[in-house]
Every structure is written in C-alpha cells, then in structure tokens.
Amino acid sequence: MLVSLMLMAQQRTISGRVTDANGNPLSGATVSVQGTNVATQTAADGSFSIQAATGNTLIFSSVGFVTQQTKLTAESNVNISLQVQSGQLSEVVVTALGVRRERRGLGYAIEEVKGEQLTKSNNQNLVNSLNGRVAGLQVVSSGGAPGQAARITIRGGAKSITGNNEPLFVIDGIPVSNANDGSGGYTEVEGVSTPNRVADVNAEDIESISILRGIAASVLYGNRGANGVILITTKSGRGRQGAPVITFNSTTGFDNPLKLPDFQTSFAQGGTAAAYQEGGSRSFGPRIQGQKVFSNAVGDSITLRAYDPRADFLQTGVTINNNLSVAQSRENVNYFLSLGHSRQQSIVPNQDYNKASARLNVSNQVTSRLNVGLNLNYIRTWGDVPYLGQSGNNPFFALFNMPISWDINRFGYVRPNGSQINFRGGSFDNPLWTVNKTFFNTQNDRMIGALTLGYKVASWLDVTYRLGLDQLNDDRKSFRDINTGSYPNGALYNDNINRQEITSTVLLNINKRLSEDFGVAFTGGQDFNQRRLKNYTQTGTALISAGIPHMNNVSSFDPNYEFTTLRRLIGVFGDLKFDYRNMLYLGLTARNEWSSTLPQQNRSYFYPGVNASFIFTEAIKGSKNVLSYGKIRAGFAQSSRDPNPYQVINYFVVPGNTVAAGFGDGFVASSAPLSFPFNGVAGYTTSNIINNPNLKAETTSEVEIGTELRFFRDRIALEATWFSNKNDNGIVPLDVSPAAGATNFVVNSGVTRVKGIEVSLNATPVRSRNFGWNSTITFSRIRSKVEETYPGVDQIYLGGFDGNPAIFAVKGQRYGSIIGTAYQRDDAGNILVDDDGFPLFADGVNLGYIEPDWTGGLRNTLTFKNFSLDFLIDTRQGGYIYNGTEELLDFYGVTKKTESREEDFIFPGVRQSDGKPNETAVKRNATWWNFAQGNEEYVYENNWVRLREANLSYNWLLPNSKSIKNVVVGIYGRNLWMHTNVPHVDPESSSFGTNNGQGATRMAFPTLRSVGFNVKLVF
C-alpha cells in the first residue's frame, strides 16, 4: 500500500507540443509512457497532456516519422520535433482524383501547403495566401479592395493564347468554380471589384493543399487540368479521439494603403498659372501663396491653401475574422463542424465585404467494408464593392487627380437641389458622391456538397462513387443616382448570375503486391461533368426620383438581357503504376473525353501519359549520413482544352442591348445604337463573331524531369524540376474586317511554348530541444514564346485600352507584349526632337514583355520554447509593367515631378531637322504634358521585393485546466515592406482583373498593408 501511494504521489501532468521539422503541429501523433498502457494522441495544434512520473520515458510516434524517446526529469513541459524517416520522405500526399499515394513513388512534381500556413496573416482571399510559397506558382492581386479578385497561374500561365490559363480547383474531390463573373474579369480597364469564387472558401476549414503543377500530375482531370490543379483537402474528425476538440479563432486586422502616389503640394487647380479655375481636371493653376480666389463650389471667395484630399477621404480599414469548429472521432464515425464569419471594412467609406460559412464533414464506417462520407459547405458573401479602373465611379480615379487646393470635406458633394458638387466636369464623380450616391451591391449564396460511397471488395480492391454539386446564385445591384457624371439621368441594373456544376465520378482502385519485389496499383473510372450558367439582367437607363434604387423608380428601360450556357464533359480514364522493391516506379495514364462544346466529328479526343521515378539511394549500400535520400523522376503527358460553349455555330442576338454591347473606356461615351423591340417590332442580328463548325480542341504536350534529394538525415532537402510544354491548335478569335459583317472569326491557330525550372530548398540549420530554425527557398525561371499566330497576323489582342497601349501576343516574342507609343530614334538610338524642343513619337512599338524573368520566395520559421516567429519574403524580377496611373497623374499635374513646371528644361535628344543636339528650352507646363507624353516613358521593369507576411505567436499549454487546453496569441503583419523602382503604385496590382492581358495598371485600388492580432482557444 505504501509503495502504491508513493508511486501515485510521483505522478504528475506532463504537457507539451509535437511538431514536424518545419515547426508545423502534428495532430494524431501518439504519446505513450514506456512499459505502461498509458497513452494519448496530440490535438489539432500538436498539443498533448499525459500523466507520468519523473524517470518515466515518453515515446513519441507518428506514421512516416522517426519514433523518438525522452526521459522525464523535473520539468513538466516537453516539446518534441519529429523527423521524417530517412529514405521514406513519404508522408502520403493527395494526388489526382483524391487518391493518396506515397510521395516517393510519384514521377512528377507535387507541392503541399499545410492549412495552418494560410490563416496566419488573415488574408481574405485564399488565392493571395499562396503567393511566394510554391515554386512555379504566381499570384497577381488586382488590388486591395474588399472581395477583389486575384489571378493565379502555374508554370507561366501562357499555354493558351486567349483561353483560360488558370488552374482547376478541386475541394475534397469535387471540381469547383473559380470564375470571376462580371466586368472584373474582362479585358477592359473599367468594371467592378468582383471576386474570384475560390475566395469564398473559408481558409480555417483547410487541412492541406496539394498543387499539381504539371500535366503528368493532372492528366486524369482531363482538359480542365491542362493548366495544373490545386487540390484542397478540408479538415475531418480523424485523430480527435475522446472528448470533442473545440477550437475558436478570432483575428482583427487594420488596413492602410501600402503605397500611394507622390503628390505635388505647391500648385492649385487651373489650366494655366494665370488663374485659379474650378471645373477642369488639371492642376496647372497658380502657385499657392495664400491669395484670395473665387470658388464656384463655395459661391464666395476662399483663401488658397494646400490640403490633403487623399488623407481627408480615406479611412483605416478593419478586418475581423471569427471561426468556431468542433471535431471528434467516435467509434466508426468522425466529424468536423465549423462556423465562420469575416467582415472587411474598406479604406473607402461605405464599402465592405462579408463572408459567412458553415461546414459539416462526416464520415461513417457503416460496416467493415462500406464507408459513407458527406461534405457540405454553405457560404454567403455580401457587400458593397468598388467600381474600378477608368470607371467614372471609381473613387480613386477622381481622388488621385483631385487638386490639393480642393477642400473635399468643406466643399461637400451635393447641393440643396440635388446636383453634384465636383472639382471637375465630365464623367468622373466627386469621390464623396461615389460612396454616397452610387453603389454596387453583391449577395452570393453558394452550396458545395459531396457524397462519397466507398466499398472495400477485398484487401487489395475497393470501389468509390462520388457525387458533387457546386451551386451559386449571385444577386447584384448597381445604382447611380440622378446627376451622376456619366449617368445624368441615373441608372439601375439588377443582375443575377447563377452557376451550377454537377460532377459524378466512379473509381476502381487496386493496390496489390504481386510478389515481395513487385507491386501494382491501378485507378480507373468514369466521370461526368455538367456546367450551367444563367445570367439575367434588368437595365434602367433613367430614374424618376433621386435616391431610390428600385426598378419601380425607373422611367426608361433597355431590353432585358438573358443568357444561358450549358456544357457537358464525359471522360474515361486509367492510371496504372508498377513498383519494384519500392525504389523503381513506372506509371502509365490514359484518358478519353467527349466534349459537348465541339462539333460532333471532333468531340472525342484521347491523350496519354507516362511517368517514372527511381529512388537511387535504395540501390546504394553504405552510410546515408550525407545523402540520406535521392530520387530522379521524369514524366510526359498530353492534355486538351475544349472551347467555350457556342463557338461552333452562328447565333442571333438582340441589337442595341447595352449589357451585351460591353463597356467603354471610361472617357468616350458609347454610341446609342437602335434598340429592339422598336415600336413593338422585335429584331435580331447575327453575332459579331463568326464561329467555326470545324473547331478542334487545343492540345498541350509536356515533358518534365526532376530530382528530390535529402542530405544529412533530412536536414537539407532539395527539389528541382525542368519542364517544357507546347500548346497547339489554339482557339483564337481573330479580328476581321467589318466588311465581313463581323468583328471576329474563331479559328484553330497559334502555337505557344513554355520552358522553365522550379527549385525548392528546405533546410533546418538549428534543431534542438528548445530552439529550432527552418528555412525554405523557392525559385522559378520560366520562358514562354509565341511561335505561331495565324498567316498574315503577327499579333493577337489580349487586353488593353481604346488606343495605346494594349497587351498583345506577338509572334516570335514572349507571351504578353506591351504595344504602345515610343520615342522616335535615329540610327544611333538618340531620341528625335522637333524644332520646338518636344520629343517625337511612333505608334505600335513593342515596349516590353510582361512575363517575369524569375520569381522567388524565402520563408523562415524560428521556434523558441513556446514562441514561434514566421516570416515570408518574396520577389519578382524582370518583365515590364505599364504605369498608366503615373501617366494620367502627370497629365493632370498632381505628381511631385510636375512641380518643376516653372523651370527651364531641355529634353535630351537630337533635332529631327538637322541631327544636332536639342538646345531649345521649354517649360514643363500643361502644354508639355499635353504633347510630350508617350507610353514608353511609363513602362518600367517590374522588379520588386516585399516582406509578404510576418507572424509572432506564443502558445500557452494548460494541462491542468478542465476546459481550455491551450491558448495561442499572436500578432501578424502583411505587406509590411516593399522595395521597387516603379513609382506611385504597387507593381503587383493589375487593371485587367484575372484575364490574360496583364502588365498594366491604371487607377487600380491600392494594395493594403495590414497589421493585427489573433487569439486561438482550444477546449
């Protein structure tokens, strides 16, 4: 009895945390007391608590990791870092169709990002959270507006000349939409901050993301995987035995512009220095010296002084994100339930974006053979989002060119009679009018669901059926009140977008050892995919009374616009893999598809793939202390890309519909064509596009070769891949003469080729009981080339402005060239100047490619006891960007460099007339900026380095608490610092949304710098 009491007295609670070599928590790891039956498993954040005594030995184990032991001393806190087993490397990773395979057997590149890495910096768009983390993956954010879309590409995004180059997203085995519906996705430079739909996903629900970069990895997804695939696996209740694990996260952040233009502070509004004059758009008026002038806005004399309208208008944005989840594994059932809500209040008044999400993941092992899984995710997003680019209602367009002599708060924005008070005329509104008298409201309801049935026929054979649905309904309302600049009579649009995607997949999985040395695995099946899009728009072109955004308040209508597309895709596929002694692997893949968007004679197309890998260190005898793991791999595969619906037959449209006609450039009002019905008579005309009844699918072929090396027992890990792909039979809408009765003709033409290298280096310089340092470097260098366009056509339009500049795919050049006005030069390269001292320009000149020369990222994670510091630096080097914001602000006379307007200036060049150096002095006043501007002056090398994010946290373990198991508190920052030679703007921003025509920015919503704090409670 005495001995028993003594032993009991020695027992105490031991707590701690189990992580991998990168500092990521290991959930479900087993912690046991050697020689006893006492054991527990780690929670989702890697924490544990267990009863043990001094002198006992704790054993830590997890599948794929080296088992570790530690003898207890007087300390009650034990933190352990488990290392991947040498020669295994092989955590099991999620591959195509959700099949889990050992990484060592894969003959292609695959990258995995853990869910914890995506939530540390409170980024509201999941796509932006991937920036800088994966070699070969590039994200371009359109800007920092609430809900604003981001473009994501893998391996350059230059396979299809005019088609979609973004990857396919798959959540828990179900393909989902990442569409950017609306003007935010068009090639024009005005529109609305519409989101890309993957931004709907709650990042707190994500367990991991697998990136299938090459076609060899994604071929089983068919033509939709031609641009790569991003596989999202959400959390489950697995590994949460015992009481339910309840987790609450709360994050609050504060947002301000990362970079604003550098404004002059000396000169007032006006066209010349002789007089102050309101009503114009330019700031070339008199120098501000406290003089009295008459103000039309005030109706009285005012004293000129310099204000800061940008600071007076903008506010600090606030982003709040709360999430509650419950996870548990009980006998044959495990579940994960989460509820989340986020609200992003803009730096622009009266604009915000909200997201609410509810998720339920349940898996039930009904019998020893039958498993049933259900994944449901309901999402609602809503908010008032900004107009963009050269839209007259873009608050930044008018705000950026607002004169410093304009007191935005004192002068106001509306008169008693309802007319607008504005510093300028035309179609661009006072920013206060924009945020109080116009809005674009969106409310999206979305349901993503999957039902999975799995039946194990034998130990080596199972069958899976999966049915998936992605249904969304986006109701939008766009309102411009009476007296809005470009809509003096007001305007109202009701827009409904409904998308539905149904996917049905049957899988047969075989995994069998044929002998001790040989193994075989086979995945085969059939899938069906149907996508439906419905778009219905009501357009009111004149309001009856001001301030009432309702269709019953409209006096004049355009015809209603209704648009529907339906497409189906059927595929059969097979993936056969052989392995020899778990060191030599061979994979053979094949898929045949039938697409409804192709003509009947071309609907069926087949593409194969082959990949192999060799773990050469398994064949080398001797010590592996230096090279602990070595693998070489190679793969080849083909894929195709079908056209959008209704490109093989000609169809009729209603003429004169303003929605169907598209958008203008924001400066020139669209013409008013004859609208039908006219006098009660219906009328139709053929589409402006001549479609092609013989259209074929685009074809992409890709080869990749790579290696994966681990040194010093996995302290250093290197992965490198070289790839080359070629895209043939591009589906291109060529421009044709209006005499043909159309503007475009759809053809199969164009060849692009992309080559590149991708490198990832991971190192653990320090690894001890209390301190760890892990560092990851990513690097990619990609080169694209447009090898063919069409006979007689040297360049194909990708996006741009009415006039110069624009982005084209140019034959013989890298994909995406800025074409615009450049300085005229003589044979020696000198700029030509006229006799008045003004430079001369030439149109249609290639000013540079938009593709980066290389991109890279550096991530460091440092842990000291319960502290963790994580930061990510990424960079882009090479390529060019057109800074349209600077060009316009120079024209308006508001940039800092226009303050030199009173000084004599001699432009460095030679006179065209006699070839002699220019000696004519000019004043860089309004006249200069009228005529001396060319696009070339505003094209910069798109180089930048930024501190993408940084996070500091502390984890309190509370082993003696009966409720809260641990508390994590932290602070974070996003876009904390940036270095670039591009003035006035963040060169990562884009005015072209998510389409292929990148490389230009003009009055884009500024990127945000964010700082905040978070609290996490685990019960």
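Rings of Phe, Tyr and Trp (its six-membered ring) pair if their centres lie within 6.5 Å; planes under 30 degrees apart count as stacked, over 60 as edge-to-face and the rest as tilted. This is a predicted model, in which local features need pLDDT of at least 70 and side-chain atom pairs pLDDT 80 or more, while totals for chains, interfaces and linings use all residues. Residues are numbered from 1 along each chain as its sequence is written, and side-chain values use heavy atoms, with hydrogens and water left out.

View 1. Y823, F838, F841, F905, F907 and W928 form one aromatic cluster. The count of aromatic pairs comes to 25. F891 and Y892 make an edge-to-face pair, because their ring centres are 5.5 Å apart and their planes stand at 65°. F891 is partly exposed at 25% relative accessibility; Y892 is buried at 2%. (Buried means under 20% relative accessible area, exposed over 50%, partly exposed in between, with a 1.4 Å probe and protein chains only.) F905 and W928 are also edge-to-face, at 5.6 Å centre to centre and 80° between the planes. F905 belongs to strand β52 (residues 904-905) and W928 to helix α10 (residues 926-931), so this pair ties together parts 23 residues apart in sequence. Both F905 and W928 are buried. (Helices, H or I of at least four residues, and strands, E of at least two, are DSSP runs numbered from the N terminus.)

**View 2. Arginines over phenylalanine rings.** A charge sits over a ring if NZ of Lys or CZ of Arg is within 6 Å of the ring centre and within 35 degrees of the ring normal. The charged end of R155 sits over the ring of F723, 4.5 Å from its centre. R901 lies over the face of F267, at 4.1 Å from the ring centre.

View 3. Two strands pair if DSSP finds at least two bridges between them. In β45 (residues 806-810), 5 of 5 residues are buried. A806, F808 and V810 point one way; I807 and A809 point the other way. β44 (residues 795-800) runs antiparallel to β45, joined by 5 bridges, with G800 opposite A806. β46 (residues 817-823) is also antiparallel to β45, through 3 bridges, and here A806 faces I819.

View 4. β42 (residues 751-767) and β43 (residues 771-788) are antiparallel over 15 bridges. T752 has V786 of β43 as its bridge partner. The hairpin between β42 and β43 runs through 3 residues. β43 also pairs with β49 (residues 854-864), antiparallel over 10 bridges; F779 stands opposite G856.

**View 5. A three-strand open sheet.** The order is β37-β41-β40, with mixed pairing. β37 (689-690) and β40 (731-735) are edge strands with a single partner each, so one side of each has no neighbour in the sheet. β37 and β41 (residues 744-748) are parallel over 2 bridges, and I689 has N744 as its bridge partner.
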